[in-house]
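Trainee: I am new to this structure. Please show it, and I will ask about the words used for it.

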Amino acid sequence: MKKAAKRLLFLACFGGVAYLIGKLLQKSEVQEKLFEVLGEDIYLAVLDKVRLGGDLIMWPIDFVRALLP
């Protein structure tokens, strides 16, 4: 029971941090700085991977929403 609570707390914290990083990366100032630092090719590759990761995380939720009336 205690181990499951720790695991749930870890997942909640990790999800919160990932959400905050995602929100931070959506700001135009941060995107411009990353674009300047990384270059166009690397920036676009990282952006595609972040979007794919978000889609992979959200697919179960979207699937359930599609099934609901």
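Trainee: Is the crossing of α2 and α3 left-handed or right-handed?

Mentor: The crossing of α2 and α3 is right-handed. A crossing is right-handed if the near helix is turned clockwise from the far one by less than a right angle, and left-handed if anticlockwise. This is a predicted model, in which local features need pLDDT of at least 70, side-chain atom pairs count only at pLDDT 80 or more, and totals for chains, interfaces and linings use all residues. Residues are numbered from 1 along each chain as its sequence is written, and side-chain values use heavy atoms, with hydrogens and water left out.

Trainee: What angle do α2 and α3 pack at, and why is α2 called oblique to α3?

Mentor: Helix α2 (residues 28-38) and helix α3 (residues 40-67) pack at about 130 degrees, their axes 7 Å apart. That angle makes α2 oblique to α3. Angles under 35 degrees count as roughly parallel, over 145 as roughly antiparallel, 65 to 115 as roughly perpendicular, and the rest as oblique.

Trainee: Which residues of α2 and α3 meet?

Mentor: Gln31, Leu34, Phe35 and Leu38 of α2 meet Glu40, Ile42 and Tyr43 of α3. Contact means heavy atoms within 4.5 Å.

Trainee: Why is α1 said to lie largely in the open?

Mentor: The number of buried residues among the 24 of α1 is 0, so α1 lies largely in the open. Buried means under 20% relative accessible area, exposed over 50%, and partly exposed in between (1.4 Å probe, protein chains only).

Trainee: What makes Ala18 partly exposed?

Mentor: Ala18, in helix α1, has a relative accessible area of 37%, so Ala18 is partly exposed.

Trainee: How do you know that Leu56 is exposed?

Mentor: Leu56, in helix α3, has a relative accessible area of 54%, so Leu56 is exposed.

Key:
Axes fitted to C-alpha atoms, helices over the stretch in contact; angles between N-to-C directions. Helix = DSSP H or I, 4+ residues; strand = E, 2+ residues; numbered from the N terminus.
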